[in-house]
Amino acid sequence: MADDQFIRNVPGMTEVLGRRCVAVAGCGGLGSNAAVALVRAGIGRLILVDCDRVESSNLNRQAFDQMDVGKPKVEALARHLKAIHPGVKLVTHCRRLAPGDVEPLLCDADLLVEAFDNAHDKHWLVHEWVRCFPGRPVVSGNGVAGMGRTEELKVVRAGNIWFCGDLHSSLELGLCSARVALVAAMQANVAIELLMNQKETP
Amino acid sequence: MIRVNDLFEVPWKEGLTVQGVLDFLGWDYALITITVNEFYVPPDEYSAHLVPDRADVRAIHIAHGG
């Protein structure tokens, strides 16, 4: 990596984030954009989980390009992330995450970025994460649909769970690149703050 | 009295459970995440988990992502 890649980071951030591991569950609009933000910040290691392949309809909001269409999302995203920071360590799982996978696949993560699109899947994943790793935070994307309405986006904490989004919008509204990326950036920003204040996982 | 999401007040009574709080508010969301005084309450414990007086309850409805 270029020696000066992180020279404009907040002082102290690069050293701490370089030792941290984040799991990103879902590599679509929220997960792919949050992962890019985390790698640009200097995160040391990411665990990426998604079972889908990139489709043309993903390109309006997800961190992929035309060359990625047809490829597994975790592989395409890993290539983009390595192009940003070759030193980042990546573990990819091209599979549909099931409740029984959470402990064995995500156990190395200091924090989970929950970035599924389906509300039902979000619900069980947050539950399983808290059950398996009660001391570790989860940052969940919650309500991103539609356009504008920036003032409705917020961060709400419930115990060790942080929710980012408008907390109510329905997918029937459609999805806008800027609004999805805003919520993804909020997730990454919350994650960075939590990781900076987190004690090392034994 | 307990507070929910810093917005709603629910009268406390002996034996009040998480499910009792949801019933009082008329909330029947299937996809909801709840903490009581910062501690996560699993869905299968809503009917048994007692809510102490002056508890801080967070009840967050889960919406779709993107």
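Predicted model: local features only at pLDDT ≥ 70, side-chain atom pairs only at ≥ 80, totals over all residues.

Biologist: Does Asn58(A) count as buried or exposed?

Modeller: Its relative accessibility is 7%. Buried means under 20%, so Asn58(A) counts as buried.

Biologist: Leaving aside neighbours within four places in sequence, which residues is Asn58(A) in contact with?

Modeller: Contact here means heavy atoms within 4.5 Å. With those sequence neighbours set aside, the partners of Asn58(A) are Arg53(A) and Lys73(A).

Biologist: How far apart are the end C-alpha atoms of helix 6 of chain A?

Modeller: Helix 6 of chain A has 20 residues, 177-196. At 1.5 Å a residue they should span 28 Å. The model agrees, because the end C-alpha atoms are apart by 28 Å.

Biologist: Turning to chain B, which strands stand at the edges of the open sheet?

Modeller: Five strands of chain B form this sheet in the order 2-1-5-3-4, with mixed pairing. Each edge strand has a single partner strand, so one side of each is left without a neighbour in the sheet. Those strands are strand 2 (8-10) and strand 4 (39-41) of chain B.

Biologist: Which residue in strand 4 of chain B is the bridge partner of Ile34(B)?

Modeller: Strand 3 (residues 32-36) and strand 4 of chain B pair in the antiparallel sense over three bridges. In strand 4 of chain B, the bridge partner of Ile34(B) is Val41(B).

Conventions. Residues numbered from 1 in each chain as written. Chains lettered and ligands numbered in written order. Heavy atoms only, no water. Buried < 20%, exposed > 50% of the residue type's maximum accessible area, 1.4 Å probe, protein only. Helix = DSSP H or I, 4+ residues; strand = E, 2+ residues; numbered from the N terminus. Expected span 1.5 Å × (residues − 1). Pairing = 2+ DSSP bridges.
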